[in-house]
Every structure is written in C-alpha cells, then in structure tokens.
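This report describes the strands of one model and the core they share. Look at the structure first, then read on.

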Amino acid sequence: MQRLDTFLGGISGQWRSDGREKLKVMVSWRYNQLDPFRSARPKFEHVEVFGLSFHRAKGLEADYKILACPHGMIRV
C-alpha cells in the first residue's frame, strides 16, 4: 500500500485535475476471513483505503481494488 501511495503521489497531477484529494482503494476478502482492518484502517497521503468482504462490496466502485489472499498475502 505504501508503494501505491508513493506512486500515485508522483502522478497526482493526472488524477487531481478532477478535484479529488485522494483516490479510493478497496481491499476485499472472503466472507470467512478476518477483517484486516479490524483494529484501524491505514492512513496514507494520497490513498483512502476501505475494506469489505466480496459479498458486501458487490456493486461498489473504487479507483483501485486489492484482493486479499487466504494466506495473508495481498495481490493487485
């Protein structure tokens, strides 16, 4: 996530032209996995992160979506 935030900061002139302060990143996981943000959502300068199970995220939009794998790794 930190690398994504740094990259997006470098190209912020391209996406800030439409008046947004931050891009939205959705992290999704299977319903039977624990919420990776149960204690607190991470905070970044250029990215607003939120997370939902695949089922709850149906129909929602984000600029980027990250899928949490069952073994704790995150893939883009």
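Strand 2 is largely enclosed by the rest of the structure, because five of its seven residues are buried. Buried means under 20% relative accessible area, exposed means over 50%, and partly exposed lies in between (1.4 Å probe, protein chains only). Strands (E, at least two residues) are DSSP runs, numbered from the N terminus.

The model is predicted: local features need pLDDT of at least 70, side-chain atom pairs count only at pLDDT 80 or more, and totals for chains, interfaces and linings use all residues. Residues are numbered from 1 along each chain as its sequence is written, and side-chain values use heavy atoms, with hydrogens and water left out.

Strand 1 covers residues 23–29, and six of its seven residues are buried. Two strands pair if DSSP finds at least two bridges between them. The table lists the pairings of strand 1.

| Partner of strand 1 | Sense | Bridges |
|---|---|---|
| Strand 2 (residues 47–53) | parallel | seven bridges |
| Strand 3 (residues 64–68) | parallel | four bridges |

Opposite Leu 23 stands Val 47 of strand 2, and Trp 29 faces Ser 53 in strand 2. Ser 28 has Leu 67 of strand 3 as its bridge partner.

The largest nonpolar core has 12 residues, among them Leu 23, Val 25, Val 47 and Ile 66. Strands 1, 2 and 3 each supply at least two residues of this core, and strand 1 gives the most, with four. A nonpolar core is a set of buried Ala, Val, Leu, Ile, Met, Phe, Trp, Tyr and Cys residues joined through side-chain atoms within 4.5 Å.
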